[in-house]
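Let's take a friendly walk through a protein model together.

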Amino acid sequence: MAWDKIGIAKRIAQEVQDGTYVNLGIGIPTLVANYIPEGMEVELQSENGILGMGPFPFEGEEDADLINAGKQTVTLREGSSIFDSAMSFGMIRAQKVDLTILGAMEVSENGDISNWKVPGKMVKGMGGAMDLVASAKNIIVAMQHCDKAGNSKLLPQCSLPLTGIHCIKKVVTDLGVFDIRDGAFHLVELAPDVTLEEVIAKTAGKLLTQ
Amino acid sequence: MGFNKVRASAAEACEGITSGMTLMVGGFGLCGIPENCITELVKMGVKDLTCISNNAGVDDFGLGFLLQKKQVKKMISSYVGENAEFERQMLSGELEVELIPQGTLATRCMAAGYGMPVVYTPAGVGTEVAEGKEVREFKGKKYLMEEAFDADFALVKAWKGDAMGNLVFRSTARNFNPMMAMAGKITIVEVEELVPLGALDPDHIHTPGIYVHRIFQGVNYEKRIEQRTVRQRI
């Protein structure tokens, strides 16, 4: 079986290093927090102004003043800090945040990403994604390999409006793990029971398997 | 006489806001929004507003109230999902929308409060956000020139404040409020608790009162939660 959302999150959690600051986007990236190996010290940044974000609160302990960037109620860990939005993006721009994990609609073989707008259909906005991808040292994308119609989301070039250019280093999909460098997707690992043929068939961008 | 910043109500505090003005509105989602000021704007019936705010509220709360009454001409925001009426007005062309990166929004407020006309940020380089903007390269990396905002009024929500306008925010309800407080030509702050002078430790003040022109104690805070997420007790 290919990876489900939890499988993708678990695989990405293996990429997270001890003693780092990490920003998690909405969706699958949020799940990564649940699978960070025991004993590792990782500080989660939420761009609305938290370092040291903790898990969801117990029922009855929700605090309307304490939410994450996905507007979900959360808690704070010991040693956390709160700051304003200008400082939050200041630390992102100054590359103090070590790793950014976010979702995407499309990723290209040269590391471009689209994830904020489908012209004429959906315009939600870029939120903090453009700031994050323009500045982060290391960015991992978590997404499905194909869209609902079965079209590849790993492309020669993005067809949707861009969020950022030449910025994505790694993509983890339901089918496997891919590094992006030198204008190609490099297959790093196949998800369980996924064949090389399937990945080749479902990857529209340049794919190197060695 | 003197500084005379304290107002008795939202109605008194919002005096002078008129149709066609540009307003900054603090908050992230529904967290830390100036609920009393928004309610007052609906009562005042001012129209053709340009609102600079990270989000646009939801259909029946926050800035969504102003959208329902068609009081907003233009929104400048970073993320506008979760609001069906907003989407309808945007797609039909009734509402002008400028979407900008969240950090750019925060920093353009900050620039205004720091007296700087522009900032350079890499966010949006190579995307449609860069259209029509100056691109400059520093140390091999490209940046967009972004201008400081120019807002007639900033509407801000703080947790505690005093008669000098010194402010303390609570938790993530801080978000855009401090930099918007610094950026308004006239800054109106509503607080949950207006405390006596001397009650706030000067070392713990987030926004010094020099940026605040009017302050009042808000009432009936609903503090609606947009995404209530919990975990089970084991």
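**Starting from one methionine**

Leaving aside residues up to four places away in sequence, B:Met44 touches B:Cys14 and B:Ile17; a contact here means heavy atoms within 4.5 Å. Before going further, please note that this is a predicted model, where local features need pLDDT of at least 70, side-chain atom pairs count only at pLDDT 80 or more, and totals for chains, interfaces and linings use all residues. Residues are numbered from 1 along each chain as its sequence is written, chains are lettered from A and ligands numbered from 1 in the order in which they are written, and side-chain values use heavy atoms, with hydrogens and water left out.

Where does B:Met44 sit in chain B? B:Met44 belongs to helix H2 (residues 35-44) of chain B. Helices (H or I, at least four residues) and strands (E, at least two) are DSSP runs, numbered from the N terminus. B:Met44 is partly exposed, as its relative accessible area is 30%. For these words, buried means under 20% relative accessible area, exposed means over 50%, and partly exposed lies in between (1.4 Å probe, protein chains only). B:Met44 and B:Glu15 are 29 residues apart in sequence, while their C-alpha atoms are 9.4 Å apart in space.

Now turn to B:Asn166, in the loop between strand E8 (151-161) and strand E9 (167-168) of chain B. Is B:Asn166 buried or exposed? With a relative accessible area of 17%, B:Asn166 is buried. Not counting residues up to four places away in sequence, B:Asn166 touches several residues, including B:Lys160, B:Leu200 and B:Thr207. B:Thr207 is 41 residues from B:Asn166 along the chain, yet 5.9 Å separates their C-alpha atoms.

Let's step back to the whole of chain B. Chain B contains six helices and 11 strands. Its radius of gyration is 18 Å, which agrees with the value near 17 Å that a compact globule of 234 residues would have. The radius is taken over C-alpha atoms, and the globule rule is 2.2 Å times the number of residues to the power 0.38. Of the 234 residues of chain B, 54% count as buried. Among contacts in chain B between residues at least 6 apart in sequence, 71% join residues at least 24 apart.

Next comes chain A, which has five helices and 15 strands. Chain A is as compact as a globular protein of its length, because its radius of gyration of 17 Å is close to the 17 Å that the globule rule gives for 210 residues. Buried residues make up 58% of those 210 residues in chain A. Helix H1 (residues 5-13) of chain A gives an example: among its buried residues are A:Ile8, A:Ala9 and A:Ile12. The cover over the buried residues of H1(A) includes helix H2 (28-32), strand E5 (99-102) and strand E14 (184-190) of chain A.

Finally, see how the chains meet. How many residues of chain B are in contact with chain A? There are 50, and they contact 46 residues of chain A. Between them the two chains bury about 4,200 Å², with 57% of it on carbon and sulfur atoms. In chain B, B:Thr172, B:Thr229 and B:Arg231 lose the most area to chain A, together 16% of what that side buries. Buried area is the accessible area (1.4 Å probe) that two parts lose on being put together, summed over both.
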